[in-house]
Amino acid sequence: MTFQSTTRQFACDPAAVGGASDPIRAILEKALSGGEVSTEEGVALFRAEGADIDAVYRTADTLRRRANGDRVSFVVNRNINFTNICYMGCRFCGFAKRTEDKSAEWLEPAQIVERAQQAWDRGATEVCIQGGLHPKMEGTYYRQIIRAIKTALPGMHIHAFSPFEIWYGASKTKMSYRDFLTDLKEAGLDSMPGTAAEILDTEVRMQLTTNKLSAERWVEIIRTAHEVGIPTTATIMYGHVDAPEHWAAHIALLRDIQKDTGGFTELVPLSFVHTDSPLYAQNPDKVRPGPTAREVDLMHAVSRIMLHGWIDNIQVSWTKLGAARAQEMLSRGVNDLGGTLMNESISRAAGSDHGQEITAKELVRMIRAAGRVPVRRNTVYETREVFEHHDPEELAPLVDRNGRDPLAFLEMFPERPAASVEAAQ
């Protein structure tokens, strides 16, 4: 099945491309007029310098406004990592533990349901469930988790299991990807995170891990999920041993998949966190300590430009960047701040110190401070509530912050007037 782009023909916006060099201007004008930016042109945008960079940002912001208006969305959700025991040996990962490690964790279905119920009671509409590949775990455990949650909370959206976990479960049960995914969907799986993508390039992946899912298998599982009716997110994890050529090719591949399946709900760029990553610790002379600030800005902006009309939700990961930088991305083509999360383990395990939860009320405050209209959505981007003249319920963070305030940066800047709901649309 081929899906049509929602891109319409627009006249080029001179204000967006003003000051750009002729080669970059031509690329941006094509994007603004509804044309498709090629892989090679994407590389050129990633390598932009000087005034060209500002033109890239303005173009991304213009396309964001065309696709999403001035609404910025988020979902109230909880992360549940049911085990951190994993023996796959991903070299960039600081999350995995051995069974004998003191910090090793395994949750039984009843414990997972208890955490899901706690999230539901705090207003969550989604639980995001992922875990390590425990060597003794049965492939049927994924189904057990889904059935346990759906039995207790039939209205909770289950967003669960990366393509790597699907590969593992299918291998354990000796089922095809299609049959395994169909079985999980029938059990109650609503959507999947498109994590484990890293960079969809064989050369890069061989440096990140020797055992992890190949790029071809990731694409096959994602396509199959879409074909059986399971939507997924898309991700890119960058800033390690990669380069602009890899980024542009990765984004173009996601776009090609979307043209065929229409199954991606969003793209989430994920900055490599080097602090406690074995990949960096063992190879500090070969591995970069995450992306530069310029690369972070350009990743969100170029993704918006290349994916416009195909994947029109670009999400920023506040767990990777922090609240202040996440808010800045709203002028780089981003229209979504992700989820409240309540608990976050994977980024923290890699050394991120940006906290585990930003409450709905705090996300609304961040969005308003950027002059945008806050919107609570569900997992598949259906609007659930628009916060124009009221706030979400104020809740204490689920995990004690020990006095840290993720929104302390807002005290330094005056709040900008928010756009009206009509203008945001």
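**Exercise 1.** In this predicted model, find what share of the contacts between residues at least 6 apart in sequence join residues at least 24 apart.

*Solution.* Start with the parts list: the protein has 18 helices and nine strands. Next, take the contacts between residues at least 6 apart in sequence; 77% of them join residues at least 24 apart.

**Exercise 2.** Work out why the pair F74 and F387 counts as stacked, and where each residue sits in the chain.

*Solution.* Begin with the whole structure, where a search finds 11 aromatic pairs. Now check the distance: the ring centres of F74 and F387 are 6.2 Å apart, and the cut-off for a pair is 6.5 Å. Then check the angle: stacked rings need planes under 30 degrees apart, and these planes meet at 15°, so the pair is stacked. Finally, locate the partners. F74 belongs to strand β1 (residues 71–75), while F387 lies in the loop between β9 (383–386) and α18 (421–424), which puts them 313 residues apart. Both F74 and F387 are buried.

**Exercise 3.** Find the residues that form one aromatic cluster, then look for arginines placed over tyrosine rings.

*Solution.* The cluster is made up of F82, W106, Y141, Y142, F161 and F180. For the arginines, go to Y57: the charged end of R332 sits over its ring, 3.9 Å from the centre. Then turn to Y381, where R377 lies over the face, at 4.0 Å from the ring centre.

Key
Residues are numbered from 1 along each chain as its sequence is written. This is a predicted model: local features need pLDDT of at least 70, side-chain atom pairs count only at pLDDT 80 or more; totals for chains, interfaces and linings use all residues. Side-chain values use heavy atoms; hydrogens and water are left out. Helices (H or I, at least four residues) and strands (E, at least two) are DSSP runs, numbered from the N terminus. Contact means heavy atoms within 4.5 Å. Rings of Phe, Tyr and Trp (its six-membered ring) pair if their centres lie within 6.5 Å; planes under 30 degrees apart count as stacked, over 60 as edge-to-face and the rest as tilted. Buried means under 20% relative accessible area, exposed over 50%, partly exposed in between (1.4 Å probe, protein chains only). A charge sits over a ring if NZ of Lys or CZ of Arg is within 6 Å of the ring centre and within 35 degrees of the ring normal.
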